Amino acid sequence: MFNGGIFLLFGAFVVLIVVLGILGYLGEKKRREEFQAVCAQRGWTWVERDDRWVETFADQPFGLGHRRSATNVVTGAYDSRQFVSFDYRYHTTETSTDSEGHTTTREVSLDYSVVAVDSGAAFPDLSVTPEGFFSRMIGRLTNTDIELESEDFNRAFTVTCSDRKFASDVLHPRMMEFLLAHTEASFRFDRRYVLTVSAGRASLADIDAALALVDAVLDRVPEFVWRQARGQ
């Protein structure tokens, strides 16, 4: 009876895993079909996979782990600016040891959603992320968190940049006012691209919101900064 109960429990577990796998597959299939339909309506292009984007950008989460991939890739124009969005995945190998000294390893996948807009100019690196207690403390200890004129902005965001003047020029009072109305905003300048990176899989609404945010940021970059970036 006891063995029979274990067998039934194991069988139920296997069935659950299979059902979850099927539901996951159907959910991803539906998501791909939604993306394809919207791309057809908007004149955008969708491809299932294009790993060249894996090597395009710097800093985390890029360059980490192994078996990196860019899937569900959308390219097109938003407000006359070229962009790309994709699902980014990489894998890591985790090792653990139990109380009896037995070691096991397993492979873990990590998923991110990337939206990158081509600015058409080469900018210094600049990162703006919502402020947290630990990021604020680390930034102050390492002198990497740039403090600007607005204390409200400094409390709301962490700013890192290799060129403090560039950060100050881009994050002028009108830009800071805009971002303080969008305190969830997180973006970074990566050479000619301005991109957002978020954990998990993004919906079409999430991608539209990211495109609108980056577009609004670029619209607020002062003209003299554009001229300097273009070498004029």
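Of the 232 residues in the protein chain, 38% are buried, where buried stands for a relative accessible area under 20%, exposed for over 50% and partly exposed for anything in between (1.4 Å probe, protein chains only). The model is a predicted one, so to speak of local features takes a pLDDT of at least 70 and side-chain atom pairs count only at pLDDT 80 or more, while totals for chains, interfaces and linings use all residues. Residues are numbered from 1 along each chain as its sequence is written, and side-chain values use heavy atoms, with hydrogens and water left out.

The chain's secondary structure comes to seven helices and eight strands; these are DSSP runs numbered from the N terminus, with helices being H or I of at least four residues and strands E of at least two. As for contacts (heavy atoms within 4.5 Å), take those in the chain with a separation of 6 or more: 64% of them come from residues 24 or more positions apart.

Now for the rings. A search of the whole structure turns up 15 aromatic pairs. Rings of Phe, Tyr and Trp (its six-membered ring) pair if their centres lie within 6.5 Å, and planes under 30 degrees apart count as stacked, over 60 as edge-to-face and the rest as tilted. Trp44 and Phe83 make an edge-to-face pair, with 4.8 Å centre to centre and 75° between the planes. Trp44 sits in the loop between α1 (2-42) and β1 (45-49) and Phe83 in strand β3 (residues 81-97), so this pair ties together parts that are 39 residues apart in sequence. Both partners are tucked away: Trp44 is buried at 12% relative accessibility, and Phe83 is buried at 5%.

Phe123 and Phe189 also pair edge-to-face, at 5.3 Å centre to centre and 90° between the planes. Here the link runs from the loop between β4 (103-118) and β5 (126-130), which holds Phe123, to strand β7 (residues 187-190), which holds Phe189, 66 residues apart. Phe123 is buried with a relative accessible area of 6%, and Phe189 is buried with 2%. Elsewhere, ring pairs join Trp53, Phe57, Phe62, Phe86, Tyr88, Tyr90, Tyr112 and Tyr193 into a cluster.

Helix α5 (residues 173-180) has Met175, Met176, Phe178 and Leu179 buried. Looking down the α5 axis, the buried residues fall within an arc of 160° (taken from the directions from the helix axis to the C-beta atoms), so they line one face of the helix. The face of α5 turned away from that buried side carries the exposed residues Pro173 and Glu177. On the buried side, α5 packs against β5, α3 (151-156), β6 (157-161), α4 (164-170), β7 and α6 (204-219).

Over in helix α4 is Asp169, which counts as buried at 14% relative accessibility. Setting aside neighbours within four places in sequence, Asp169 is in contact with Pro222, Phe224 and Val225.
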